[in-house]
Amino acid sequence: MADYKEILNKATAEATDFINNPSRLDALLVQLEEKLRSVPAIGETISELPVMVAMVKSWIKKEYQVSGKVLATMVGAFIYLVKKKDLIPDNIPVIGIADDLAVLGLALKFVEPEVKAYKAWKTGQ
């Protein structure tokens, strides 16, 4: 259990570093969008990713406010998706993106109410 907490703490610290540096965060979002071009669309989990990216971009531009926990969850998931240190390497057909989707799915479960609120806000603009 201690290893899990250590991993979570490191991920949170890394996400915080990105959050505190908007240009670095924006570069991460660009990398994430590039990576998505090579990933097949799989279910609702992946379909919400562009909304999550737009939400963070709106936060960067100071157009939309979101809690630090929600922001860190999304940015942490983005970092995991972009980084090359996956549990299952992405170059393994089909199962290579399984861990990426699992991380994204968990993040989405946590931030889903905020994503829905963002969509409503965006629609109202």
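1. Burial. The model is predicted. Of the 125 residues in the protein chain, 37% are buried.

2. Surface. The protein chain has an accessible surface of about 7800 Å². Carbon and sulfur atoms account for 60% of that surface.

3. Secondary structure. The protein chain holds six helices and zero strands. Read from the N terminus, its elements follow the order α-α-α-α-α-α.

4. Contacts along the sequence. Among contacts in the protein chain with a separation of 6 or more, 68% join residues 24 or more positions apart.

5. Helix 4 spans residues 49-60 and helix 5 spans residues 68-82. Their axes come within 11 Å and cross at roughly 120°. The crossing of helix 4 with helix 5 is left-handed.

6. Residues at this contact. Which residues of helix 4 meet helix 5? On the helix 4 side they are L49, M52, V53, M55, V56 and W59. Helix 5 contributes V70, L71, M74, F78 and L81. By class, the contact between helix 4 and helix 5 comprises 11 nonpolar residues, with no polar and no charged residues.

7. Summary for the reader. The predicted model has six helices and zero strands in its protein chain, and the contact of helix 4 with helix 5 has no charged residues.

Technical notes
Residues are numbered from 1 along each chain as its sequence is written. This is a predicted model: local features need pLDDT of at least 70, side-chain atom pairs count only at pLDDT 80 or more; totals for chains, interfaces and linings use all residues. Side-chain values use heavy atoms; hydrogens and water are left out. Axes are lines fitted to C-alpha atoms, for helices over the stretch in contact, and angles run from 0 to 180 degrees between N-to-C directions. Helices (H or I, at least four residues) and strands (E, at least two) are DSSP runs, numbered from the N terminus. A crossing is left-handed if the near helix is turned anticlockwise from the far one by less than a right angle, and right-handed if clockwise. Contact means heavy atoms within 4.5 Å. Ala, Val, Leu, Ile, Met, Phe, Trp, Tyr, Cys and Pro count as nonpolar, Asp, Glu, Lys and Arg as charged, and the others, Gly among them, as polar. Buried means under 20% relative accessible area, exposed over 50%, partly exposed in between (1.4 Å probe, protein chains only). Accessible areas come from the Shrake-Rupley method with a 1.4 Å probe; for residues, only the protein chains shown count as cover.
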